[in-house]
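Please keep the sequence and the model open while reading.

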Amino acid sequence: RWPLAYYDTHLKLLTEHRNLFQPDQDRIIREAHNEFLQVAGEQGAPGLLFLLWFLLVTFRNGLKWYSRAITAGDKGLCLGMLGGLSMGVLNALVSFPFHIAPSLLVILCCMAFLNSQSLRHPLPRQKEGLPISLRKNSR
């Protein structure tokens with residue numbers, strides 16, 4: 001015999017779940033490896049593409065807001081919101097922050113703030129006609 005020290009709970013775990021990784025076991029897997037795989041498994045490719053599109057639009061709006069910000073306070077606030085959203089997305093690569101209410105609330109607040117600021121101060125529209133690079137020099 002080997003001199004192993006295990007307790008009753010370990011013995012119970014080994015005896016009850018000895019076929020834990022067998023494919024014929026009637027076990028339902030509830031969560032994937034990360035949030036994005038979970039969304040792909042639950043909503044399929046359209047749901048995953050919509051989530052990625054929404055995140056990319058939000059990041060783009062945040063970068064637009066940062067480029068238009070005049071004061072240091074606006075730039076700092078924008079960087080803070082982009083940082084919060086980035087940390088939420090990076091955390092979603094290894095965990096499930098969209099399933100935890102406080103984490104989801106922080107991520108949604110960052111997304112709402114970044115998107116609302118881009119709607120509040122839209123970029124000026126380009127004049128009709130040729131693109132700027134094709135126009136003649138007006139000197």
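Ser-67 counts as exposed, at 57% relative accessibility. The burial classes rest on relative accessible area, with a 1.4 Å probe and protein chains only: buried is under 20%, exposed is over 50%, and partly exposed is in between. Ser-67 sits in helix α2. Helices are DSSP runs of H or I with at least four residues, strands are E runs of at least two, and both are numbered from the N terminus. Eleven residues separate Ser-67 from Cys-78 in sequence, and their C-alpha atoms are 9.8 Å apart in space.

The model is predicted: local features need pLDDT of at least 70, side-chain atom pairs count only at pLDDT 80 or more, and totals for chains, interfaces and linings use all residues. Residues are numbered from 1 along each chain as its sequence is written, and side-chain values use heavy atoms, with hydrogens and water left out.

## The chain as a whole

The secondary structure comes to four helices and zero strands. Along the sequence the pattern reads α-α-α-α. The chain has 139 residues, and buried residues make up 22% of them.

Contact means heavy atoms within 4.5 Å. Take the contacts in the chain with a separation of 6 or more: residues 24 or more positions apart account for 60% of them.

## The nonpolar core

Which residues touch the most other members of the largest nonpolar core? They are Phe-36, Leu-51, Leu-55, Leu-85 and Leu-114, out of 16 residues in that core. Helices α2 (35–68), α3 (72–92) and α4 (101–120) each supply at least two residues of this core. Helix α3 gives the most, with six residues. A nonpolar core here is a set of buried Ala, Val, Leu, Ile, Met, Phe, Trp, Tyr and Cys residues joined through side-chain atoms within 4.5 Å. In soluble globular proteins, nonpolar side chains tend to be buried together.

Leu-85 has contacts with Leu-55, Thr-58, Phe-59, Ile-107, Cys-110, Met-111 and Leu-114, leaving aside neighbours within four places in sequence. Phe-59 lies in helix α2. Phe-59 is partly exposed, at 21% relative accessibility. With the same exclusion of neighbours within four places, Phe-59 is in contact with Leu-82, Leu-85, Ser-86 and Val-89. Phe-59 and Asn-115 are 56 residues apart along the chain, yet their C-alpha atoms are separated by 8.8 Å.

## Helix α3

Helix α3 has 21 residues, which should span 30 Å at 1.5 Å a residue; its end C-alpha atoms are 30 Å apart, which agrees. The expected span is 1.5 Å times one less than the number of residues.

The buried residues of α3 are Cys-78, Met-81, Leu-82, Leu-85, Gly-88, Val-89 and Ala-92. Seen down the axis of α3, these fall within an arc of 120°, so they line one face of the helix. The arc is taken over the directions from the helix axis to the C-beta atoms. On the other side of α3, Ala-72 and Met-87 are exposed.

## A buried glutamate

Is Glu-35 buried or exposed? Glu-35 is buried, with a relative accessible area of 3%. Glu-35 lies in helix α2. Its side chain reaches the backbone nitrogen of Phe-98 at 3.1 Å. Not counting residues up to four places away in sequence, Glu-35 touches Ala-92, Ser-95, Phe-96, Pro-97, Phe-98 and His-99.

## Aromatic pairs

The structure holds three aromatic pairs. In the pair of Phe-50 and Trp-53, ring centres are 5.8 Å apart and planes are at 35°, so the pair is tilted. Rings of Phe, Tyr and Trp (its six-membered ring) pair if their centres lie within 6.5 Å; planes under 30 degrees apart are stacked, over 60 edge-to-face, and the rest tilted. Phe-50 and Trp-53 are three residues apart in helix α2, about one helical turn. Phe-50 is exposed, at 53% relative accessibility. Phe-50, Trp-53 and Phe-54 form one aromatic cluster.

Trp-65 and Phe-113 form an edge-to-face pair, 5.6 Å centre to centre with 65° between the planes. This pair links distant parts of the chain: Trp-65 is in helix α2, Phe-113 is in helix α4, and they are 48 residues apart. Trp-65 is buried, with a relative accessible area of 5%. Phe-113 is partly exposed, with a relative accessible area of 26%.

Definitions and conventions:
Polar contact = N/O pair within 3.5 Å; in protein donor to acceptor, adjacent residues only side chain to side chain.
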